[in-house]
Amino acid sequence: MRIIIIIILNSLILASCGNKNKDKESKIKIEQNELDTKSFLDNVKLAINPKFKDWVLFENGTYIIFDDINQIDNIENESIRLMKEFGPVHAGGPAGDFNVISLNQTEGWVVSGHGYGMYTYVNPSELEMNSPDDVTIGLYGRSKRNSDGENPNIIHINSSKNN
């Protein structure tokens, strides 16, 4: 039964991620009226365990936590490389797998998947229902991560080097 559910979920993810057009209407954007950049960044900061000081946030809510930023020559290049490798959804692989984590310090959820230290923040205002289930949240989070993987645009770098 679990295998059937995984196959169905992967099919849904692939179907939702395979629709592209010239205007990139399928690209998920955070609506300015619903969630401005500052509150979005504040929510992401609250979603991340404060012991992690080094992380990079992409425009659709996916962020990558780094264990030791001092080991990385260029954080922007490394973040984009990782996002391009682990962000997009690919058929038949772990790219469609996800876990949903409810947050205590802020509203919303974090969706994890393959790719060490890579998570996607989902705010309740982004979903059209009041009490979404984990599958709905996870599929939405994976679609946001797919968008970040296909067109990685860094909007914030948090670094312990700056402190």
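**Close-up 1. Isoleucine 75 and its neighbours.** Not counting residues up to four places away in sequence, isoleucine 75 touches Val56, Phe66, Ile69 and Ile157, where contact means heavy atoms within 4.5 Å. This is a predicted model, in which local features need pLDDT of at least 70, side-chain atom pairs count only at pLDDT 80 or more, and totals for chains, interfaces and linings use all residues. Residues are numbered from 1 along each chain as its sequence is written, and side-chain values use heavy atoms, with hydrogens and water left out. Isoleucine 75 lies in helix α3; helices (H or I, at least four residues) and strands (E, at least two) are DSSP runs, numbered from the N terminus. With a relative accessible area of 15%, isoleucine 75 is buried. For that label, buried means under 20% relative accessible area, exposed means over 50%, and partly exposed is in between (1.4 Å probe, protein chains only). Tryptophan 55 sits 20 residues away along the chain from isoleucine 75, and their C-alpha atoms are separated by 9.0 Å.

**Close-up 2. Where α3 meets α4.** Helix α3 (residues 75–86) packs against helix α4 (residues 134–150) at an angle of about 125°, and their axes are 7 Å apart. Those axes are lines fitted to C-alpha atoms, for helices over the stretch in contact, and angles run from 0 to 180 degrees between N-to-C directions. That makes α3 and α4 oblique to each other: angles under 35 degrees count as roughly parallel, over 145 as roughly antiparallel, 65 to 115 as roughly perpendicular and the rest as oblique. On the α3 side the contact is made by Met83, Lys84 and Phe86, and on the α4 side by Arg145, Asp148 and Gly149. Sorted by type, the contact residues come out as two nonpolar, one polar and three charged. In this scheme Ala, Val, Leu, Ile, Met, Phe, Trp, Tyr, Cys and Pro count as nonpolar, Asp, Glu, Lys and Arg as charged, and the others, Gly among them, as polar.

Close-up 3. Glycine 87 is found in the loop between α3 and β3 (99–102). Its relative accessible area is 0%, so glycine 87 is buried. Leaving aside neighbours within four places in sequence, glycine 87 is in contact with Leu82, Met118, Arg142, Arg145, Asn146 and Gly149.

**Close-up 4. The largest nonpolar core.** Twelve residues make up this core: Phe40, Leu41, Val44, Ala47, Ile48, Trp55, Leu57, Tyr63, Ile65, Leu103, Val110 and Tyr121. A nonpolar core here is a set of buried Ala, Val, Leu, Ile, Met, Phe, Trp, Tyr and Cys residues joined through side-chain atoms within 4.5 Å. Two or more residues each come from α2 (37–47), β1 (55–58) and β2 (62–65), and α2 gives the largest share, four residues. A second, separate core has ten residues, including Val56, Phe66, Ile69 and Leu82.

**Close-up 5. Asparagine 49, between α2 and β1.** Asparagine 49 is found in the loop between α2 and β1. At 39% relative accessibility, asparagine 49 counts as partly exposed. The C-alpha atoms of asparagine 49 and glutamine 105 are separated by 9.7 Å, though the two are 56 residues apart along the chain.
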